[in-house]
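The sequence and structure come first.

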Amino acid sequence: MDGNPGEPESVSASVLVDLKEFRRNKEQLPITFQRRELDAILRLYSRMVAEGEWRDYALDHLKDKAVFSVFRRASEVPMFRIEKDPKLARKQGAFSVIAASGLIVKRGHDVAQVLKVFDKSPKLVRG
């Protein structure tokens, strides 16, 4: 559609989008962590780096899930994977913490609750 030469581009350009095509393309987008979820994960990550437990991470956005992997060293397999799998949201919860062995350490509907598995219990200190 051609507009007047004096009109801004955003006003003169109209785009017709087929709804079926839009939905088909939307389904092909990778799964991502939302801002609140990633904020909670990065807060935990920074705490564990400060304690010397973790040193590196990787973030993967795949078609079926999003994965935050943590490493002690960059050349190793991940110590833990924090995964978001929306297909499990109505069943056991979309979020899970998986150990290097493949064992699911914790699973749930809320990322903050799942990340509590990394909270350390208080220890008795003798003076």
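## Burial and overall make-up

A residue counts as buried when its relative accessible area is under 20%, as exposed when it is over 50%, and as partly exposed in between. F118, with a relative accessible area of 8%, is therefore buried. The model is predicted. Of the 127 residues of the chain, 26% count as buried.

The chain holds 4 helices and 5 strands, in the order α-α-α-β-β-β-β-β-α from the N terminus. Among contacts with a separation of 6 or more, 30% join residues 24 or more positions apart.

## Helix α3

Helix α3 spans residues 35-50, which is 16 residues. From first to last C-alpha it reaches 22 Å, close to the 22 Å expected at 1.5 Å a residue. The buried residues in α3 are E37, A40, I41, L44, Y45 and M48. Seen down the helix axis they fall within an arc of 135°, so they line one face of α3. R35, R43 and A50, on the other side of α3, are exposed.

The packing partners of the buried residues of α3 are the strands β1 (56-61), β2 (66-71), β3 (80-84) and β4 (95-99), together with helix α4 (111-115). Just after α3, G52 has a positive phi of about 85°.

## Aromatic pairs

How many aromatic pairs are there? The count comes to 6. In one of them, the ring centres of Y45 and Y57 are 5.0 Å apart and the planes stand at 70°; the pair is edge-to-face because planes over 60 degrees apart are classed that way. Y45 belongs to helix α3 and Y57 to strand β1, so this pair links distant parts of the chain, 12 residues apart. Y45 counts as buried at 12% relative accessibility, whereas Y57, at 38%, is partly exposed.

The rings of F80 and F118 also have their centres 5.0 Å apart, with planes at 85°, so this pair is edge-to-face. F80 lies in strand β3 and F118 in the segment after α4, so the pair ties together parts 38 residues apart in sequence. Ring pairs link Y45, W54, Y57, F68, F80 and F118 into a cluster.

Notes: Residues numbered from 1 in each chain as written. Predicted model: local features only at pLDDT ≥ 70, side-chain atom pairs only at ≥ 80, totals over all residues. Heavy atoms only, no water. Helix = DSSP H or I, 4+ residues; strand = E, 2+ residues; numbered from the N terminus. Buried < 20%, exposed > 50% of the residue type's maximum accessible area, 1.4 Å probe, protein only. Contact = heavy atoms within 4.5 Å. Expected span 1.5 Å × (residues − 1). Arc of directions from axis to C-beta. Phe/Tyr/Trp six-rings, centres within 6.5 Å; stacked < 30°, edge-to-face > 60°.
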